[in-house]
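Try each task by eye before you read its solution.

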Amino acid sequence: MARRLTLSTVGIDSPLAVGETPPAPAAAQARQPEQPSSAPRPQRRPRSRVRAADATPASVATLPRQRGGGAFYGTGRPWETAMALNPAHLERLGELSRAAGRSLNAIVVAALHAGLPGSTDAAGEAIVAEQRARVGALDRRVRTTMRLPDDLRARIDELSVPALRLSRGARADLINAALERGLPADAYAAAALVDGHARRLLDARAAA
């Protein structure tokens, strides 16, 4: 009698097991650590963008701001401010105002802001230089009134306070020294200075 052959199906996947992962051997399963299926997946932390201003070292942030791209003192309520100007400066201001088509007061504010020293030490040097230049001067300063923004007035006082202990006219000396440095050379430069100051004022108000 012929023997009946039996096909062994050990190791052969079922036709219905398409796409399924075959079970790992028992030894491999024993080596795998058990992880609960309900364990939450680790979340990726979003990248935080650091602005350049936030990354500025404290030693750099506390340096005195200089003219051109530094602190802006043109904001604040305008106040009537009495000042004594050198006759040459007052005459020059009138010429620039007529030629540039800008108000004399606007040129004074922009020129003062541009010409103010950046520190009290530099202000003291400018005051001494102005006092030396005025020794023996025959023309007396002309008293006048201008409308200066509050922040600019405060900055002028801040820079001139140390020198006021030695000279009563230190504030006037500082103002004339700043005008000597900040007054434009011609009408085109005067118009550009005033317009640039006005734009910085608008930017400061928008950022406030």
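This is a predicted model: local features need pLDDT of at least 70, side-chain atom pairs count only at pLDDT 80 or more; totals for chains, interfaces and linings use all residues.

Residues are numbered from 1 along each chain as its sequence is written, and side-chain values use heavy atoms, with hydrogens and water left out.

**Exercise 1.** Work out what lines the largest pocket and which element gives the largest share.

*Solution.* Start with the term: on a 1 Å grid over the protein atoms alone, a pocket is an open set of points where a 1.4 Å probe fits, with protein on both sides within 12 Å along at least five of seven lines, and lining residues have an atom within 4 Å of a point. Grid points are joined across faces, edges and corners, and the volume is the space filled by probe spheres set on them. For the largest pocket that gives about 260 Å³.

Next, list the lining: Ala82, Met83, Ala84, Arg134, Arg140, Arg141, Arg143, Arg168, Gly169, Arg171 and Ala172. Strand 1 (78-85) and helix 7 (170-182) each give two or more of these; helices (H or I, at least four residues) and strands (E, at least two) are DSSP runs, numbered from the N terminus. Strand 1 has the largest share, with 3 residues.

Finally, sort by class: 4 nonpolar, 1 polar and 6 charged. Here Ala, Val, Leu, Ile, Met, Phe, Trp, Tyr, Cys and Pro count as nonpolar, Asp, Glu, Lys and Arg as charged, and the others, Gly among them, as polar.

**Exercise 2.** Now do the second largest pocket, and find the helix that supplies 5 residues of its lining.

*Solution.* Its volume is about 220 Å³. Of the 14 lining residues, Gly74, Val109, Pro149, His197 and Leu201 sit closest to the centre. At least two residues each come from helix 4 (104-115), strand 2 (142-149) and helix 8 (187-207). The helix you want is helix 8, which has the largest share.

**Exercise 3.** Check the length of helix 8, then look at its buried residues and its N-terminal cap.

*Solution.* The expected span is 1.5 Å times one less than the number of residues.

Buried means under 20% relative accessible area (1.4 Å probe, protein chains only). In helix 8 that picks out Ala187, Ala190, Ala191, Val194, Gly196, His197 and Leu201. Their cover includes helix 3 (87-100) and helix 4.

At the N-terminal end, Asp186 is the cap, with a side-chain oxygen 3.2 Å from the backbone nitrogen of Tyr188.

**Exercise 4.** Is His113 buried or exposed, and what is it in contact with?

*Solution.* Find His113 in helix 4. His113 is buried, because its relative accessible area is 12%. Leaving aside neighbours within four places in sequence, His113 is in contact (heavy atoms within 4.5 Å) with Ala71, Phe72, Tyr73, Gly74, Leu152, His197 and Arg200. The His113 side chain reaches the backbone nitrogen of Tyr73 at 2.8 Å. As for Ala71, it is 42 residues from His113 in sequence, with 9.9 Å between their C-alpha atoms.

Note on methods: Buried means under 20% relative accessible area, exposed over 50%, partly exposed in between (1.4 Å probe, protein chains only). A polar contact is a pair of N or O atoms within 3.5 Å; within protein, one must be able to donate a hydrogen and the other to accept it, and residues adjacent in sequence count only if both atoms are side-chain atoms.
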